[in-house]
Amino acid sequence: MMINENKFIFKKDVSPLKQLREKLGLTREQFAVALGTTGSTIYRWETGVHTMSLTVTQFKKLVILIEPLGLGVHDLPDDFGPPESHKS
């Protein structure tokens with residue numbers, strides 16, 4: 001498990017993106033709207049069908065979304081996809 005300074009624990013067996021979304025209490029559709037993309041894109045990122053790729057604007061929106069969790073840019077994992085054992 002990865003533990004950041006704010007004690008947010010990223011489980012190794014679940015996509016970190018999905019964990020963040022669920023911690024925020026958002027559905028895929030709500031998260032997609034907040035980032036300026038689609039629910040199906042969020043699904044593909046969470047399941048590893050596609051590698052997550054954000055525009056600068058989307059990245060800024062993500063940073064704003066995670067601030068209430070006490071997280072910052074340096075707390076984010078390098079890979080938001082699913083664990084290697086779960087990739088499609």
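In this predicted model, the buried residues of helix α3 are G39, T41, I42, W45, E46 and T47, where buried means under 20% relative accessible area with a 1.4 Å probe and protein chains only. Helices here are DSSP runs of H or I with at least four residues, numbered from the N terminus. The buried residues of α3 pack against α1 and α2, and α3 is followed by G48, whose phi is positive, near 85°.

Two packed helices are described by the angle between their axes and the distance between the axes. The axes of α2 (residues 28–35) and α3 (residues 39–47) come within 8 Å and cross at roughly 105°. That makes α2 roughly perpendicular to α3, a term for angles of 65 to 115 degrees. On the α2 side, R28, E29, F31, A32 and L35 meet G39, S40, I42, Y43 and E46 of α3; contact means heavy atoms within 4.5 Å. The residues of this contact divide into 5 nonpolar, 2 polar and 3 charged.

Leaving aside neighbours within four places in sequence, L20 is in contact with F8, F10, I66, L69, L71, L76 and F80.

Residues are numbered from 1 along each chain as its sequence is written. Local features need pLDDT of at least 70 and side-chain atom pairs count only at pLDDT 80 or more, while totals for chains, interfaces and linings use all residues, and side-chain values use heavy atoms, with hydrogens and water left out.

Technical notes. Axes are lines fitted to C-alpha atoms, for helices over the stretch in contact, and angles run from 0 to 180 degrees between N-to-C directions. Helices (H or I, at least four residues) and strands (E, at least two) are DSSP runs, numbered from the N terminus. Angles under 35 degrees count as roughly parallel, over 145 as roughly antiparallel, 65 to 115 as roughly perpendicular and the rest as oblique. Ala, Val, Leu, Ile, Met, Phe, Trp, Tyr, Cys and Pro count as nonpolar, Asp, Glu, Lys and Arg as charged, and the others, Gly among them, as polar. Buried means under 20% relative accessible area, exposed over 50%, partly exposed in between (1.4 Å probe, protein chains only).
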